[in-house]
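Hello,

Here is the structure I promised to hand over. Please open it and keep it beside this email as you read.

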Amino acid sequence: MSTFVPVSARYGQDNPKHLQGRWASVSIGLGAAAISGWSWLAFFRPLGARGMAIAVIVFVAASAFFSIASRMVAMLDGSGSRVLRQELAKCSLAYALLFLFLPEYTARLRPPMLRSFLLFAALSGLWLALYSICRREAAGSHSWSARRTMWPVITAVSLFVALTTLALRKLYVFGYVGQDLAYFAQIMHTTLHGHLFWGSLLQDLLYSYPVTTDFAGHNSPIMFLFLPFYALHPSPVTLIVLRNAVMLSCAYPAYKIARTYTNEGTARLWSVAFILVPTIFYQSTFDFYPLSFVALPLLFTVYYYLQSRFLPFCVALAFTLAVREDLALFAVSIAIVALLQRKTFRWILLPFLAGSAWALFSYFVVLPHALHGASFVTDACFSHLGKTPAEMLVHVCTSPQTTVLAHGNIVYLKELLTPNALILPFGSALAVTSFPFLGINLLAGAGKCITTVIYAQYSVIPATLLFVSALLASVHSRGLLGRLSRLGIRSERAAPAVYIALCVASLLFVTDKEQAEELRNKPWTSEAYHVASLIPGDASVAAPRYLLPALANRDCLYQTHRLSQYHHPVYEYLILDNDWSHINAAGEYRSAYEDLLLNAPADPAFHTIYKTSQFTVLQNASVHEQGCFPQGVR
């Protein structure tokens, strides 16, 4: 466990004084150069030569400001002013983090001015925070590091309430795409009524022929833990609240990992930093997926591994594997890390055998049994690479620029690594465990799947592992990456402060108008709820995808824009939204949907029970006694 030592007592232990002063001057120069170059790219580039002149003036002004500010504050603080002045000068490197955002500012389209101002404000907040940290440590005021307070709990509860409120607001105004949240709600409902994770919404659509359980797609026993909560309150709201509670609970194992190496105050900051990682932060308002739940057992698994507590490690690893079959890759990877770190034999053998056994059981027993010979749509995630493994390998090796290194993949990697200062995680061997999942996401990224959407569920595993790797790299104070993580500042509290600032800055660049639009009330929201209320609770229905969560608790549910692609759709009611722009689907489905809008009202099998300029609701009384389960399943 680290102990506090004032800066004035530590500062010269391993660095000559003339190098300390030189590094302080270099810090001021780098900070000023970053502000100057960035401001030219963000604001002054269109002004030509005059813009260059302004950038030079900004450099001189910033250099003078940093130098004068560090001297004045050090003088006002009294004793040890030279040591403190050098530490305060290093705080200028907070603005050197602007260099990490050069790709965004050298792209064809510059970021909006508001985003630039917010980025500068975030790094200015970091600069002030580092000033405060340096002043406290120079004065020997470290009671804040050891004192236990309630603010972490208050912060976590506040974040949970705020993010869950946004998530429920998004649900209420139909901001979710709808099909995935509705699907998992439907399979909870059907399981509680005797059919093991059955859901017509996707299982009659995404396979070569209908299957009867979600285990045909993924071996995910973790879903059994959702059932008691859904039974208490059978609504998609339950899934959202449960997911958010688990995501915010991740702050605790993140804190425990950090507390292994740092003091109390620093560990609390690291726990906040994890919640602000863009991928983790956006899980609380993204669509519902069981894969999101992996962050909690994954963090506990890593924590017990680092603590060398074998039995709790095995339990946490079991829960991690239970989230999904591909977590077998993590188990094998952690065995490799244990081998590299020369841990005892059981730390290598147990996770390797557990991962291998879970993979064999999942891919050769559970999935084939549930598929009954059908093929799953996720095969399409890699179909762009080739039809066979050999073809895929040749394609990746001969054309990496269109597969692994496609433009979208590079943007994704940049977004994923920016909170980690791009290179920080690679100072820890634990980063090896993220490689298989990064590889999967990149290989599928150029295809039809959303594996390279930064706030999608696919990024939870690598984002979590990269975070812990970055934390571990930062606490090895004698390493170069450790010093860089603190910007050369002696205080260990500087590292999580830098991480938090980079997370906030990254959130600014992955948040767009789309996220705001998802929370905005629509003119037709009230009417949509009225339309949903017209459908009896046990009736089969086909509806626009955004309306599906409100109709999820039934056996037979379909999405209208893909109605023609279902194998055996059975629906007594058909809800049509007359405006295609509300459907939020790919353009390839538009023609079929417009045909449905034209032909369904004219079909003599249906009669209209509700019609306005926005919605049409049709009923086919002849199908109300038919079941939608595949043959032999009742």
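This is a predicted model: local features need pLDDT of at least 70, side-chain atom pairs count only at pLDDT 80 or more; totals for chains, interfaces and linings use all residues.

Residues are numbered from 1 along each chain as its sequence is written, and side-chain values use heavy atoms, with hydrogens and water left out.

Helices first. Helices are DSSP runs (H or I, at least four residues), numbered from the N terminus. Two packed helices are described by the angle between their axes and the distance between the axes. Axes are lines fitted to C-alpha atoms over the stretch in contact, and angles run from 0 to 180 degrees between N-to-C directions.

**H16 and H17**

Start with H16 (residues 295-307) and H17 (residues 310-323). Their axes come within 8 Å and cross at roughly 155°. H16 and H17 are therefore roughly antiparallel (angles over 145 degrees). The crossing is left-handed (the near helix is turned anticlockwise from the far one by less than a right angle; clockwise is right-handed). In contact (heavy atoms within 4.5 Å) are residues including Phe 300 and Tyr 304 of H16 and Phe 313 and Leu 317 of H17. The contact of H16 with H17 has 11 nonpolar, 2 polar and no charged residues. Here Ala, Val, Leu, Ile, Met, Phe, Trp, Tyr, Cys and Pro count as nonpolar, Asp, Glu, Lys and Arg as charged, and the others, Gly among them, as polar.

**H18 and H19**

H18 (residues 328-340) packs on H19 (residues 345-371) at about 160°, with the axes 8 Å apart. H18 and H19 are therefore roughly antiparallel. H18 passes H19 in a left-handed crossing. Among the contact residues are Ala 331 and Ala 335 of H18, and Trp 347 and Gly 355 of H19. By class, this contact has 13 nonpolar, 2 polar and no charged residues.

**H21 and H23**

The axes of H21 (residues 407-417) and H23 (residues 460-475) come within 10 Å and cross at roughly 45°. Tyr 412, Leu 416 and Leu 417 of H21 meet Pro 462, Ala 463 and Leu 466 of H23. This contact has 6 nonpolar, no polar and no charged residues.

**Rings**

There are 51 aromatic pairs (rings of Phe, Tyr and Trp, its six-membered ring, with centres within 6.5 Å). Which ring does the charged end of Lys 343 sit over? That of Trp 347, 4.8 Å from its centre. The charged end of Arg 115 sits over the ring of Phe 509, 5.7 Å from its centre. "Over" needs NZ of Lys or CZ of Arg within 6 Å of the ring centre and within 35 degrees of the ring normal.

Best wishes

How values were computed. Rings of Phe, Tyr and Trp (its six-membered ring) pair if their centres lie within 6.5 Å; planes under 30 degrees apart count as stacked, over 60 as edge-to-face and the rest as tilted. Helices (H or I, at least four residues) and strands (E, at least two) are DSSP runs, numbered from the N terminus. Angles under 35 degrees count as roughly parallel, over 145 as roughly antiparallel, 65 to 115 as roughly perpendicular and the rest as oblique.
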